[in-house]
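Visitor: I would like to learn how to read a structure like this one. Please take me through it feature by feature.

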Amino acid sequence: MSEQVHGLAKVSWEDPESGDLREYVLEEGSTATIGRSPNNQIAIPERHVSRQHAVISFRDGIFMIADLGSANGTFVNDKPLTDPFPLAHGDVIRLYVPVLRFSAIVTNDEHEKAKATGTLIVPMSKGDHPVLHVTSGPQDGAEIPLLTPVVRIGRATRNAAWDISLQDRAVSRPHAEIALQDDGSWTITDLGSANGTLINGVPLAANEPLTLRDGFVVVLGETTLLFRMG
């Protein structure tokens, strides 16, 4: 029997059309987006699934799943997600219709097979520029690279002076700021916005910077953004 590899997880999905079992292995520290678009780490080409539907990310020693503002919702063990949820061995993830299974047991053979078939998901290294993926809201599907050390985000107006303008009436003018720090990390600061900023479902205190990590979910007004390192 193949030995278990520690610090890994596995997400399995059976394609109802072909009957093929697809298994994805996640290494410790990795982030995996799930959605209908083929550019997701776990692509589920089903009409009830949003383009970018949910994200699994590694935080504080566990894998968490969060909904990305999907149209039909994400469910774990048939309970709808309202906030990021810690996954445990045997949990069943449902994207309205498609069902995925989460396992905390991965064997050496499964790890090697995933590596050979391109279904091994590893931590993302720092790229040239982080990217904000708009996963829900008026500009759903947009990808916004952070090209300067300081990026201000606000509502799109005729005289907007900020770097990223969102066509969202619930976003303030300006709303938040993302900045590169000397150690190479990126922080986000709410600029005293009217409706606040949520990071992984938790309100961000005004004018108090928070360090962003790969896979963090940011909500400004009615817009959901996914922060990716590159």
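Visitor: Where is the place of Glu 222?

Guide: Strands are DSSP runs of at least two residues (E), and helices runs of at least four (H or I), numbered from the N terminus. Glu 222 sits in the loop between E22 and strand E23 (223-228). This is a predicted model: local features need pLDDT of at least 70, side-chain atom pairs count only at pLDDT 80 or more, and totals for chains, interfaces and linings use all residues. Residues are numbered from 1 along each chain as its sequence is written, and side-chain values use heavy atoms, with hydrogens and water left out.

Visitor: Is Glu 222 buried or exposed?

Guide: Buried means under 20% relative accessible area, exposed over 50%, partly exposed in between (1.4 Å probe, protein chains only). Glu 222 has 59%, so it is exposed.

Visitor: Which residues does Glu 222 touch?

Guide: Contact means heavy atoms within 4.5 Å. Not counting residues up to four places away in sequence, Glu 222 touches Ser 136, Gly 137, Asp 168 and Ala 170. Lys 115 is 107 residues from Glu 222 in sequence and 38 Å away in space, C-alpha to C-alpha.

Visitor: How do I read a sheet, and in what order do the six strands of the open sheet come?

Guide: Strands of a sheet pair through backbone hydrogen bonds, either parallel or antiparallel. Two strands count as paired if DSSP finds at least two bridges between them. Here the order is E14-E13-E23-E22-E19-E20, with antiparallel pairing. Strands E14 (143-145) and E20 (202-203) are the edges, each pairing on one side only. Strand E13 (residues 131-136) joins E14 through three bridges. Leu 132 has Ile 144 in E14 as its bridge partner.

Visitor: Why is strand E3 described as largely enclosed?

Guide: Because five of the five residues of E3 (residues 31-35) are buried. Thr 31, Thr 33 and Gly 35 point one way, Ala 32 and Ile 34 the other. E3 pairs with strand E5 (residues 54-59) in the antiparallel sense, over four bridges. With strand E4 (residues 42-43), E3 pairs in the parallel sense over two bridges. There, Gly 35 stands opposite Ala 43.

Visitor: What lines the largest pocket?

Guide: Rolling a probe the size of a water molecule over the atoms shows where empty space is left. A pocket is an open set of points on a 1 Å grid over the protein atoms alone, where a 1.4 Å probe fits, with protein on both sides within 12 Å along at least five of seven lines; lining residues have an atom within 4 Å of a point. The largest pocket has 13 lining residues, with Asp 67, Thr 82, Gly 201, Val 217 and Val 219 nearest its centre. Strands E6 (62-67) and E22 (217-220) each give two or more residues to that lining.
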